[in-house]
Amino acid sequence: MTLETSLRPAARGSHPRGLRQGPITLICALICAFSCASVFAQQQQQSATTLNFRDVDLAQVVEVVAAVTGKRFIIDPRVRAQVTIISSTPMPPDALYETFLSILQVHGFVAVPSGDTVKIIPDANARQVPANDLPDHVSSSSDEFVTQVVSVHNVNAAQLVPILRPLMPQQAHLVAYQASNSLIISDRASNVSRMMRIIQRIDQAGDEEIDIVRLENASAGDIVRVANTLFAGPGQQAEVAAGTAGKVVADDRTNSVLISGEKSQRLRLKALIAHLDTPLETGTGTEVIYLKYADAEELAGRLKEQVQGFVQASAPGGGATQPAAAAATDRSTMVSFDKGTNALIVTAPPKVMRQIKSIIDRLDIRRAQVHLEAILVEITTTRAAELGVNWAVYSEEEGSTIPIGTFNQTVGNTSIGSLASAILSKDESALGSALGSGLTLGAGMIEDGGLNFAVLLRALRNDGTSNILQTPSITTLDNEEAEIKVAQEVPFITGQYTNSSSTSSGSSSGSVNPFQTIQREEVGNILKITPQINEGTAVQLKIEQENSAITQGVTGAVDLITNKRTISTTVLVEDGGMIVLGGLITDTALESEARVPILGSIPIIGELFRTRSGSKEKRNLMVFIRPTILRDDVGAAITTNAKYNVLRDQQLARRKGKITLLPGERQPLLPPIEELSRYADPTAGAHAPAPGTDTTTASPPVQTAPPVPPPAETPPQSNPPASNPPVSNPAGPR
């Protein structure tokens with residue numbers, strides 16, 4: 001203020017002496033200003049501190065820094081070091097503290113702020129305690145310990161970890177968080193700032209332009225396969241690692257190739273594709289396509305029908321010339337098959353060839369299988385009883401028998417008349433047949449020339465039960481009809497003819513030539529199922545089930561009676577679920593009585609004039625089915641192994657594998673499934689016996705055929721290696 005006031009001009013009209021005092025005042029002001037500047041510089045020099053230590057304990061250096069900066073320090077007991085620092089110039093408190101942090105870094109320690117206190121700990125534990133976390137600005141010259149989260153936008157954060165890790169000290173922390181594509185860094189501020197600059201330089205967006213090349217003659221899938229095979233060497237792998245390699249992708253719908261990468265790589269690939277996309281010299285090409293799952297003969301017929309449909313679209317031109325062009329295209333397209341190798345031979349123009357191969361790719365797929373288990377349960381209970389009396393009264397005269405009265409009624413296929421005929425014939429077999437089964441009680445009196453009588457009492461009770469369980473099972477492909485039959489062929493007479501042979505004169509010779517026509521019908525269980533796997537785990541089943549049997553008591557081929565039960569339905573079942581297809585429950589009661597009118601109704605006495613019978617039959621028939629989807633070979637092997645082991649366990653349980661009265665002989669036994677299946681338990685030994693196998697008796701080993709190797713994925717060669725057996729049905733690439 002003094003200086004500014006001194007430089008102000010004098011007011012107009014003032015005393016002339018003021019003009020003489022101006023220079024003197026200006027000189028005094030300059031002297032005062034220089035004196036103030038000297039005092040301020042001296043104060044600044046007195047507040048600065050010069051550090052010069054030689055082999056001084058670190059705790060003493062902390063005391064000096066605490067006195068100069070006014071900070072409070074807590075020293076970890078593990079912090080011990082001898083410090084040497086040489087400085088020729090004094091340092092202000094801020095520079096002194098930064099120098100102190102550098103001293104701690106040299107000796108492997110770090111200062112971690114905690115409120116108003118600074119903790120000095122080994123740097124190995126610094127990343128585990130709170131420090132200067134997530135600061136707005138990271139100093140590039142400070143040695144304080146900070147933690148920072150760095151977001152990465154254009155590259156994968158996990159790929160940067162192995163690149164940046166060698167640039168950081170051992171005690172620093174670096175990890176990638178995949179969810180937000182970020183890096184978490186804990187280190188000293190100067191190194192964290194350095195890592196952030198490196199990440200910023202690497203995290204740059206590359207050349208993301210994509211070129212689309214539309215093909216006219218070649219197939220996009222074939223072009224991409226050739227390009228990838230050509231650039232699959234070590235040099236290409238290095239380019240992929242460096243992120244400079246080009247990439248080609250086929251779009252079969254538009255028959256185009258998409259190219260990405262650097263400009264030079266894209267130009268290189270476009271030149272290659274342009275060279276490959278050239279028409280054939282003959283205009284058409286012939287390819288042999290090996291099928292893996294479909295039948296070549298069946299597929300060839302379908303393709304011929306499809307070719308007739310799209311030759312019009314593939315023919316060039318229009319108007320009146322289009323039918324001629326379509327006819328030419330039709331003549332140049334041929335589809336045949338080779339049954340021995342299950343392959344298709346296709347000759348067609350490039351566009352038609354692409355359409356045919358696209359159809360083949362969608363039809364020649366592995367189809368799922370369905371294992372079907374049917375359960376037929378039939379439980380029958382029958383009860384029958386018959387009771388009756390037969391009697392006869394007759395008088396025996398000389399040479400004749402005159403009946404006076406009789407009641408003759410069959411009870412249990414036996415009557416007093418049939419029994420008397422058998423006795424009179426004196427035939428023991430006829431007598432046994434006449435007696436039949438059941439209880440027969442007889443009484444009577446027979447005298448010569450007198451009145452005779454005979455009484456026959458018949459009582460019969462018949463109870464029967466049957467429990468029939470049938471579980472047929474079959475495995476079939478999706479949408480393929482499967483049929484299983486467990487039946488007998490029973491003869492049925494459908495016609496007969498008899499003629500008499502005649503002589504040359506036309507008279508009959510008396511010989512007879514009988515002639516019969518017989519037709520055999522299947523009687524038993526017949527199951528036809530066509531499964532269709534829907535989206536998800538549901539299976540639609542078209543089922544035709546027939547269960548038939550011959551009625552008991554009928555012999556020969558005449559008048560045969562068959563009981564037949566059929567089910568025709570379509571159901572929807574979940575994979576592994578069970579559903580009832582149908583059932584029949586019958587409960588029948590029959591009562592019959594044969595009696596003499598009026599006399600049979602008299603109480604007590606009427607029992608002599610009647611016979612009674614009663615029967616009751618209860619039948620319960622149910623049919624169930626359970627489908628199981630076998631989507632791959634592992635599922636089919638699991639189902640097969642389970643059925644195989646059930647049968648083998650039954651063989652093992654039969655007399656423990658021994659044969660009665662033949663010591664040393666063994667029951668026939670299936671070999672363990674592990675010897676036949678390539679899905680055996682890998683933890684079991686190669687020669688470990690199956691559970692339940694009796695190893696005490698020496699028996700010759702079971703000779704099993706070696707496992708058949710799976711079909712090769714390469715086309716058949718003219719000279720196959722000697723170590724590999726020839727495959728009858730090879731499958732080659734398309």
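The lining of the largest cavity in this predicted model is made up of Pro472, Ile484, Lys485, Val486, Asn525, Ile526, Leu527 and Gln545. A cavity here is a set of points, on a 1 Å grid over the protein atoms alone, where a 1.4 Å probe fits but cannot get out, and lining residues have an atom within 4 Å of a point. Rolling a probe the size of a water molecule over the atoms shows where empty space is left. The volume of the largest cavity is about 30 Å³, counted as the space filled by probe spheres set on the points, with grid points joined across faces, edges and corners. Searching the whole structure gives 1 cavity of 30 Å³ or more.

What kinds of residues form this lining? There are 5 nonpolar, 2 polar and 1 charged; Ala, Val, Leu, Ile, Met, Phe, Trp, Tyr, Cys and Pro count as nonpolar, Asp, Glu, Lys and Arg as charged, and the others, Gly among them, as polar. Strand E21 (482-502) and strand E22 (508-533) each contribute at least two residues to the lining. Helices (H or I, at least four residues) and strands (E, at least two) are DSSP runs, numbered from the N terminus.

Now let us turn to two sheets. Two strands pair if DSSP finds at least two bridges between them.

| Strand pair | Direction | Bridges |
|---|---|---|
| E8 and E9 (residues 182-188) | antiparallel | 5 bridges |
| E13 and E15 (residues 343-348) | antiparallel | 6 bridges |

Leu174 stands opposite Ile185 in E9.

The other open sheet has 3 strands, ordered E13-E15-E14, with antiparallel pairing. Strand E13 (285-290) and strand E14 (334-338) each have a single partner strand, so one side of each is left without a neighbour in the sheet. From one strand to the next, the twist averages 20°. Glu287 has Val346 in E15 as its bridge partner. Helix H12 (residues 350-363) lies across E13, E14 and E15, at about 155° to E15.

How confident is the predictor? The chain averages a pLDDT of 75, a confidence given to each residue from 0 to 100. Over residues 1-23 the pLDDT is below 50, and this stretch has 4 contacts beyond near neighbours in sequence, a contact being heavy atoms within 4.5 Å.

Residues are numbered from 1 along each chain as its sequence is written. In this predicted model, local features need pLDDT of at least 70, side-chain atom pairs count only at pLDDT 80 or more, and totals for chains, interfaces and linings use all residues, while side-chain values use heavy atoms, leaving out hydrogens and water.

Terms used:
pLDDT = per-residue confidence, 0-100. 1 Å grid on protein atoms, 1.4 Å probe; cavity = no way out; pocket = protein on both sides within 12 Å on 5 of 7 lines; lining within 4 Å. Axes fitted to C-alpha atoms, helices over the stretch in contact; angles between N-to-C directions.
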